[in-house]
Amino acid sequence: MRTLVLCIFLSGICLTLSSQQLFYRSIGVNDGLSDPVVFRIYSDHEGFLWFSTDNGLDRFDGNSTQNFNTQTGLGRNTVLPIAQDQTGTIWVGTYGGGLCYKKDERFFEYNIKASTKPQNITALLFDTNNNGWAYDNVLNSLFKFNPGNGTTEVIDLSSDTKLFDMVEINPGKILFSTASGLFITSGGNVTTYSPFNVSPAYSIDKDTKGNVFVGTNSGILRLDKGTKFMIQHPVFEGRQIKTVKVVNDSVLWAGTDGKLILFNYGNHAKKQILAEINGITVTDIERDIEGNFWIATYGQGVRCYYQMTDYFFSTEDGLPEGFISAIAGSANGRTWISTLKMNEKLAFILENKIEIVNPPDLGKEEYITSMISFQGDLLLSLSSGRFMMIDPITLQSQKQFETGISVEFSYKSKSGNIWGSRYRETIARLSESAEVELKDYYALKNTKILSLCEYNKNLLIGTDSGLYVLNLQNNKIVLNINEKNGLSGNQVNKIVTDSANNIWIGTSNGISMFNGKIITHYSTKNGLNSNNCHTLVIDNHNHLWVGTSNGLNYFDYQRNLFFDYHAGLRNKAITVLYPDDKNSLWVGTSDGLMKIPQQRQISNVLPFVYFETFSINGKEYREIQNKKFRHFENNISIRFSSRFFSDPTNSVYYYRINKGSWNTTKNRSIEFADLRPGNYFIEVKMINSFGLEGSNIASLSFTIRNPFWSTWWFILLEAVTVSGLIVFVIRRRILYIKKTEREKLATHKKVLDLEQKALSALINPHFIFNALASVQHYITVNDKDAAYNFLSKFSKLIRLTLENVYRSKNSIEEEIERLELYMSIEKLRFKDKFNYEIILDEEISAYDTEIPAMLIQPFIENSIWHGIMLKKESGKVTVRFQAVGEDYIKVRVEDDGIGLNKAKEMKKKDTQGVKKESLALKITVERLNLIAKLSGNKASVDIYDRREKGEEIDGTVVEIVIPVNYQLG
């Protein structure tokens, strides 16, 4: 059977107690309670708790509260009684709003078929026949109704019979507590419950044996199978008992104005008050399915008091000092305790009562460092350096052993040896024959010995520098294990072995477990509440318990995890652990002592997980099971909870998606952002802090739909549309290509026409006539050499010009050759009227670089005829080829003639030759633009007057940017 852990996680108050302190957990407005004034508490068939308050109704699962009020269907917010019928429906009575029942997540008013409609329901009950009994305290009427067939019976009560409470004592037989005493149903009527005449009777409850307990003006009346007697105890005398609750046929919870009383009535020989809690007005008492008790109060919310089987002892209960240093048991049932500053004294606990004793042989200022039960006696290790055995009944010293060292701790092995040490290298052994042996181990000289454990003919020695292994056969240290070679930490505080011969080593940095082959490490990642492990113990059921600086841990061998044991400890620093022979674990802390049963269960009730709320893109839903969401509704937050009251804050939740791997979280919500379209199946389960897995796996299915553009019909429509567009585009492209080809042909034709026109323009008739006239002149003056030179150049120029008829591009070398022929002929004609210069930049390869043929000559001709020839002095024409990047050449034609502006003025008086030259220039510019268009390159012509650019000289500059090595499209 699993060990059950009692969880008490809030601080308690100082109480008037007989033997121990009772701790509670408060539920208030800050925890989700609708109002601090709570009238009733009800535990439903599923185990959830319901709180009726002055401002609404709350459902509580141990973690969170769901609120109901007029906005969710209640007739009024003041809710009084709560009940549940045989079908599981929750019913409530409101003050001023009548009777309401719950359906899904809302409440609805129930219309009782009677002449007078009840409004102020103060008592409510459903019997085994599913008949409802509702009392209206204003009408002073009792309504018996059946939700199944809708029948109603109205029972009018006498004016002095104000009904407070009711209980079903036999099937269909209801007992009522009223201001006029007890009444019972009989033959369809309500009559006095004779012979028990008690007035008034405030509250009523029964135990499993059929005994009835009634809260009265003067205590508690017990009706026991035809007999009655008042429960006698001074605490009840003269008190109005407003609420009573029976537990396990032995403990009675009773609430009065300003006091809560726990009374043990099961054992008549030992009737006793277990606890008195002052300062609260109790309105109701209920027990949850895990055995915890919930107290409704007037103005102080709800309190949860956990099961009364764990006990906590402190200085308020008689301990001389809170720091527990040693615990031991004895055969006579006494549990012995020593505290850090308990000089010359001992304490023992018997039947949960503390007694302080002073053994006569305990020296002055001598204190106990450790205690062990040995051979029926109590073996004390003393600060003075001796062992002393005392009789646990007479407290007389039986034997004393001088060790010469102050034994700070002692350890009893399975072989019966007692081992002890005080930090340094000396170890004492007390054998079964009661002989003391001291040994010094100088390998331990610079260490502090902190713990000892006998293991397979070896002694394991825990120190502040690791674990040492002492071979007991040859009495030598044979091994040292520390953090460098596999230990969790160097400071070994405690060593124990379990029934499987595993060695558990508690360090200041976690726990190491050695199974004979490998070392496994455990830390806070494995559930420990702290890595600083003070002490370890294996109890009588082979359970491992760990005390740390932050509380108590329990190891679950099956899951290989540690769980935090939330006992009601004021201080979580654990100093010592001791399992007694009565299956209880004693936990010593720095501020008191806890006694915990090792074998407990929560009535076989396991936690239950359920989905609470859902948020889709920030919008909250109560239910999304099997729902379908649009593709953009894909940011989903899921909040879940668990019905678990004993320790709700330390459960671990597991969740997975579509049967994938489990993920863990301690939060009660999970968020999924930007989920892809598809079907989702989410599962959630939990393991509580006791190591118990929940009774169910909550599952949820939903779908995120594909966007409309990824549906089959849209894809088909898209395919048809795209296919149509492709056909349309292809047809348009074909038409465009045909049109482009036609335009290219037309452009090419135009280029050829322009080239022909350029050729025609270049072969100027006046130029030819004048050239031949110059030859004739040379012949006439008998200058044969000049005539021959002129005629040679002229014929070569004509030949090169005619060759260009079949070529659209020339290399720069060829173009320079033709331009030089042309300018040299013009220079001869005009008798050195001008000089010329052609400059080619070094980075230009004249042989490899091609430019449009016959493109530059018209600009040079313009410079000669419209610039230099119109001035009196001689002039100069300079042609310069410059590289512009890798794809362009800039040709600069510069003259020092009359300038562009003066030429424009004289153009008005043009001759036919001038017009011819202007036509040639126009053709050249148009041709250059067409070449740029067809090749996809840039081309430009810029003509300006030199004086406009700030030069102090007349003349004109033409800058032509020409693409080189281009291809016409």
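**View 1. Lining of the second largest pocket.** The second largest pocket has 48 lining residues, and D165, M166, I204, K245 and D284 sit nearest its centre. A pocket here is an open set of points on a 1 Å grid over the protein atoms alone, where a 1.4 Å probe fits and protein lies on both sides within 12 Å along at least five of seven lines; lining residues have an atom within 4 Å of a point. This is a predicted model: local features need pLDDT of at least 70, side-chain atom pairs count only at pLDDT 80 or more, and totals for chains, interfaces and linings use all residues. Residues are numbered from 1 along each chain as its sequence is written, and side-chain values use heavy atoms, leaving out hydrogens and water. The space inside comes to about 1700 Å³, taken as what is filled by probe spheres set on the grid points, which are joined across faces, edges and corners.

View 2. Strands giving at least two lining residues each include β3 (38-43), β15 (163-170) and β23 (243-247). β25 makes the largest contribution, with seven residues. Strands are DSSP runs of E, at least two residues long, numbered from the N terminus. By type, the lining splits into 24 nonpolar, 11 polar and 13 charged residues. Nonpolar covers Ala, Val, Leu, Ile, Met, Phe, Trp, Tyr, Cys and Pro; Asp, Glu, Lys and Arg are charged; the others, Gly among them, are polar.

**View 3. A four-stranded open sheet.** The strand order is β57-β56-β59-β62, with antiparallel pairing. At the edges, β57 (619-621) and β62 (669-672) each pair on one side only. Two strands count as paired if DSSP finds at least two bridges between them. β56 (residues 608-616) and β59 (residues 636-643) are joined by eight bridges, and Y610 has S641 in β59 as its bridge partner.

View 4. The whole structure holds 38 aromatic pairs. Rings of Phe, Tyr and Trp (its six-membered ring) pair if their centres lie within 6.5 Å; planes under 30 degrees apart are stacked, over 60 edge-to-face, and the rest tilted. W504 belongs to strand β46 (residues 503-507), while Y557 sits 53 residues away in the loop between β51 (551-556) and β52 (561-565). W504 is buried at 0% relative accessibility, whereas Y557 is partly exposed at 33%; buried means under 20% relative accessible area, exposed over 50%, and partly exposed in between (1.4 Å probe, protein chains only).
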